Amino acid sequence: MRIAFFSTKPYDRIWFEPMGKDYGYDMHFIEAPFNEETVTLADGHDAVCIFVNDSVTAGMIDRMCEMGIKALLLRSAGFNHVDIHAAKGRIPVLRVPSYSPEAVAEYAMAMLLTVNRYTHKAYNRTRDFNMNINGFIGTDLNHKVAGVVGTGKIGQAMIRIFKGFNMQVLAYDPYPNPNLDVRYVGLEELMEKSDFISLHCPLTESTRYIINRETIAMMKEGVYLVNTSRGALVDTEALIEGLKNGKFGGVGLDVYEEEEGLFFEDKSSDIMQDENLARLMTFPNVLVTSHMGFFTVEAMQAIATETLENAYAVEHGLPLKNLVE
Ligand code: NAD
């Protein structure tokens, strides 16, 4: 099987190269993202493997069909970046539904602790031997209310972590899990009662801008918000407005609605054109990171293993357990 990997970085090769060789796959690692212009690079391959910010339109699916591409392999759990409707019945789209939910949940907690206790700023101060702690006051998590939006695999790992901090946990999910030891409430109640809110639902038409002017208005003064899920769950302009009004104790964003073409790239020598991202960086209580919640050894290993198993299943006509429908 010839596989074209798009949006690849050195760390992708580290995991895929040795494992793919064991399968006997001919792998072509392409740094460019997968888009309308680069889709032609997939010609001559049997499968295309893409990452979270490679948007696949209906037109690109048509092109892939013409090229005889047999599978679209996602190195991710989320699939909101692919026109699944256009692919249905034409090219199987396979994802990695679960690689390490703990990786993302642990990272969400790291972000929350960072913005709460200002460790990112303290690091810079003490490196200059500025031992002043002014402005770094945080708040205890013990006995506080944590709100988890979406109680799938990552949400459940987050609930376990919050409980480990002796927090009271509220959850919202339109499909509550009866086996979970958590108190489900409506979205409004979660917004009103939580001191710390963490988003773990997928991006769909019903979750787009789930954090908006109205839901922000429902939140407590001094609330903490962490988004490690998908950028467009949050209306960035409404968030900025809330931040300017002093609504938030802290905000951690590992994802951003306009991250495509920006995140995962070194833009440090460029003039930043994205006004909202530039504005977010100016708030002392906001931490933005570049979609790296998944980035652990265990997760990378699992992503490579599962992606190659997905390719193998297509190649050998086996049941496609990770087919996105
Ligand atoms: P999952 O499918 O196991 O769980 C998602 C949960 O969200 C489900 O329980 C579902 O019922 C719930 N949900 C659906 N609509 C909802 C709504 N309107 N409101 C609240 N909940 C809703 O998915 P998961 O593995 O837990 O992953 C969650 C998301 O995390 C993914 O969709 C992806 O966007 C994101 N993610 C981010 C990273 C990262 O590196 N930052 C890595 C992996 C996944």
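Which backbone atom lies 2.8 Å from a nitrogen atom of the ligand? A polar backbone atom of threonine 228 does.

## About the model

This is a predicted model: local features need pLDDT of at least 70, side-chain atom pairs count only at pLDDT 80 or more, and totals for chains, interfaces and linings use all residues. Residues are numbered from 1 along each chain as its sequence is written, and side-chain values use heavy atoms, with hydrogens and water left out.

## The ligand site

The ligand is surrounded by 24 residues. The closest are Tyr99, Lys153, Ile154, Asp173 and Thr228. Here a residue is near a molecule if one of its heavy atoms lies within 4 Å of it.

A polar backbone atom of isoleucine 154 is 2.8 Å from an oxygen atom of the ligand. For glycine 152, a backbone N or O atom lies 3.3 Å from an oxygen atom of the ligand. The ligand has 870 Å² of accessible area on its own, and the protein covers 87% of that. Accessible areas come from the Shrake-Rupley method with a 1.4 Å probe; for residues, only the protein chains shown count as cover.

## Aromatic pairs

The count comes to 12 aromatic pairs. Rings of Phe, Tyr and Trp (its six-membered ring) pair if their centres lie within 6.5 Å; planes under 30 degrees apart count as stacked, over 60 as edge-to-face and the rest as tilted. Phenylalanine 6 and phenylalanine 34 form a tilted pair, 4.5 Å centre to centre with 50° between the planes. Phenylalanine 6 sits in the loop between strand 1 (2–5) and helix 1, and phenylalanine 34 in the loop between strand 2 (26–29) and strand 3 (47–50), so the pair ties together parts that are 28 residues apart in sequence. Helices (H or I, at least four residues) and strands (E, at least two) are DSSP runs, numbered from the N terminus. Both phenylalanine 6 and phenylalanine 34 are buried. Buried means under 20% relative accessible area, exposed over 50%, and partly exposed in between (1.4 Å probe, protein chains only).

One aromatic cluster is formed by Tyr11, Phe51, Phe264, Phe294 and Phe295. Phenylalanine 294 is buried, at 6% relative accessible area. Phenylalanine 295 is partly exposed, at 39%.

## Salt bridges

The whole structure holds 17 salt bridges. Each is a side-chain nitrogen of Lys or Arg within 4 Å of a carboxyl oxygen of Asp or Glu. Glutamate 265 and lysine 9 meet in one of them, at 3.1 Å, N to O. Glutamate 265 lies in the loop between strand 11 (248–253) and helix 10 (275–280), and lysine 9 in the loop between strand 1 and helix 1, so the pair ties together parts that are 256 residues apart in sequence. Lysine 9 is buried, with a relative accessible area of 17%. Glutamate 265 is partly exposed, at 41%.

Arginine 13 and glutamate 17 also meet in a salt bridge, at 3.0 Å, N to O. These two are four residues apart in helix 1, which means they are separated by about one helical turn. A network of salt bridges links Arg183, Glu189 and Lys193.

## A surface patch

Tyr23, Tyr312 and Leu318 make a nonpolar surface patch of about 260 Å². Patches are made of residues with over 30% relative accessible area and no salt bridge: like charges are joined within 9 Å, nonpolar side chains (Val, Leu, Ile, Met, Phe, Trp, Tyr) within 5 Å. Tyrosine 23 lies in helix 1 (residues 10–23). Its relative accessible area is 32%, so tyrosine 23 is partly exposed.

Conventions. Polar contact = N/O pair within 3.5 Å; in protein donor to acceptor, adjacent residues only side chain to side chain.
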